Amino acid sequence: METAQLIEGKVDWKGKTARKDKHGGTSTSLLVLGAFVFESMATMALAVNLVTYFVGVMHFDLSEAANQLTNYMGTSYIITLLIAFLADTYVGRFKAVLLSTTVEFLGLALLALQAHYPKLKPPLCRIFDPTSHCAKVGGANAALLFVALYLVGLGSGGVKAALPSHGADQFEDKDPKEARQKSSYFNWLLLSLCIGAAISLTFLVWIQDHKGWDWGFTISTIAMLFGIIVFVVGLPQYRIHVVNGSSALTEIVQVFVVAIRNRKLRLPADSDELYEISKDKEDAIIQSEFLPHTNIFRFLDKAAIIQTPESQGRISQWKLCTVTQVENVKILLNMVPIFCCTIIMTLCLAQLQTFSVQQGVTMDKTIANNFQIPPASLPIIPIMFLIIIIPLYDQIIVPFIRKYTGIPTGITHLQRVGVGLLLSSLSMAVAAVVEVKRKRVARDHGMLDAVPLRDPPIPISVFWLSFQYFIFGIADMFTYVGLLEFFYSQVPQDIKSMSSCFLWTSMSLGYFCSTILVKIVNAATKDVTRSGGWLGGNNFNRNHLNLFYWLLSLLSLLNFCVYLFVSTRYKYREERREKSTSDESKMHELHNLES
């Protein structure tokens, strides 16, 4: 006779309660990570090389191309909120990932189609030659470009919204061993991103630059297809989160509506007099957790005031909310300052994906034996370092620090985020210094007006840019993984998919802020510079990119100071009280007779 454990709230692909011995765990999460590798491989090259495509093929000017990329990236990340809401409430995380990867596959196929046929893009033209008059993409061709691009963005956003949480669903928080494995999973998630990115930034970028954009987009499409296959193969082994059809976002809105409606009521002296579903009632079955009352944001407690004894009966949630419902909103509000402090880091990242790549176009890209590295491949330097350091960090550094701190993750999530924010400021300062050196070399050799791709490159190695990429890569490891773990651990149970969306939304706002900041800086400096603004024109040797980098470094440093203030005052959520006290792990034993 064998004993198996059933996992509450998770089912298998047939709809039966998931079993711990057959579903989920580290081995199953590897398939999720494998799918993420292929998705990263398919799309990472777009993030760093799309500006080159916009400028060289579609004939946008540099600042407009940079803004088009940041708008695309921002949209891709902001859409995660909607898809995560649908995944948590109606569709389910597995189906959301499957649909998103299919949409992404379609978008990449359309990009490959447009890149292949000359009639679907502008005529060839030397965009950097001041005497050329290049026609920018327009009409139906522009429509095709943006439809394809934003299909990729929609699909990529869906993957980011649901895939990390679906992978985390393969681990049980109440099992100490699996809880540690889940912490490792988030580190391995970044490693998967790095492996896919390493292939994309080397092989795919080289294909795009030397064999043609049609070949590059075609290989991305094939990689996306492999990602779909790897993900679907794991279906029989997945623990699939049960969708109950309730809307966590609606419940959040209800708290604000009821609190405002009850704003004139007086709060009871004893918080136990506030409304909560009895754990013995049938209604408690659909509530995944019960949270204790806290004394922050007391105004929201008015949403749980019982006005009459009858209020505890069947009453609309638009008139009375539970304490747990109110506490969920408090948790989210408590995280808002942390969320806001992470926006500027992506603003800095956007510059490495746009202006830094175009800096590399003007520099000597030779490595050895006349082999030249594409500028868009420079992020491979920090990524290769991360591929080495992430396993060391997870398997050696974290266990070592854990012995002294007693924290499962070595240091707290917020400490990890803070390290990354400080490094991002340092990265922008280094970028400013390197840009000053690049322009000095150009001036000394009389190459301030050299035309990239036509004239010889400035005699300074492109590897000078690797310093800023390297530092920011380390910042990535600390901040973005720390934020994923922080948001996943703090958000209410019913919106776990949306936990990763706090990170993606922060990145989205960072990209949009980059677009706005570039326009503001150009407008403010238009009349005081010959180039028409710090970032104006297509000649980096004549504009003032170094000053823009210094501005970002200063803003990042000020942001870090604000972060120190808010993070030291953040109170982590208390352990939740489970709705079932008779079985602490909420797992039941099932006795199967051996045949």
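**Burial, cavities and helices in a predicted model**

Reader: In which helix is the place of E104?
Author: This is a predicted model, in which local features need pLDDT of at least 70 and side-chain atom pairs count only at pLDDT 80 or more, while totals for chains, interfaces and linings use all residues. Residues are numbered from 1 along each chain as its sequence is written, and side-chain values use heavy atoms, with hydrogens and water left out. Helices are DSSP runs of H or I with at least four residues, and strands are runs of E with at least two, both numbered from the N terminus. On that basis, E104 has its place within residues 93–116, which form helix 3.

Reader: Is E104 buried or exposed?
Author: Buried means under 20% relative accessible area, exposed over 50% and partly exposed in between, with a 1.4 Å probe and protein chains only. Because its relative accessible area is 0%, E104 counts as buried.

Reader: How many Å apart in space are E104 and V152, C-alpha to C-alpha?
Author: In sequence, E104 and V152 are 48 residues apart. Their C-alpha to C-alpha separation in space is 4.4 Å.

Reader: How many cavities does the search find, and which element gives the largest share of the lining of the largest cavity?
Author: A cavity is a set of points on a 1 Å grid over the protein atoms alone where a 1.4 Å probe fits but cannot get out, and lining residues have an atom within 4 Å of a point. The search of the whole structure finds 2 cavities of 30 Å³ or more, and the largest cavity holds about 700 Å³ of space, a volume being the space filled by probe spheres set on the points, which are joined across faces, edges and corners. Its lining has 39 residues, of which M44, Y77, L193, Q353 and D476 are the closest to its centre. With 8 residues, the largest share of that lining comes from helix 1.

Technical notes
1 Å grid on protein atoms, 1.4 Å probe; cavity = no way out; pocket = protein on both sides within 12 Å on 5 of 7 lines; lining within 4 Å.
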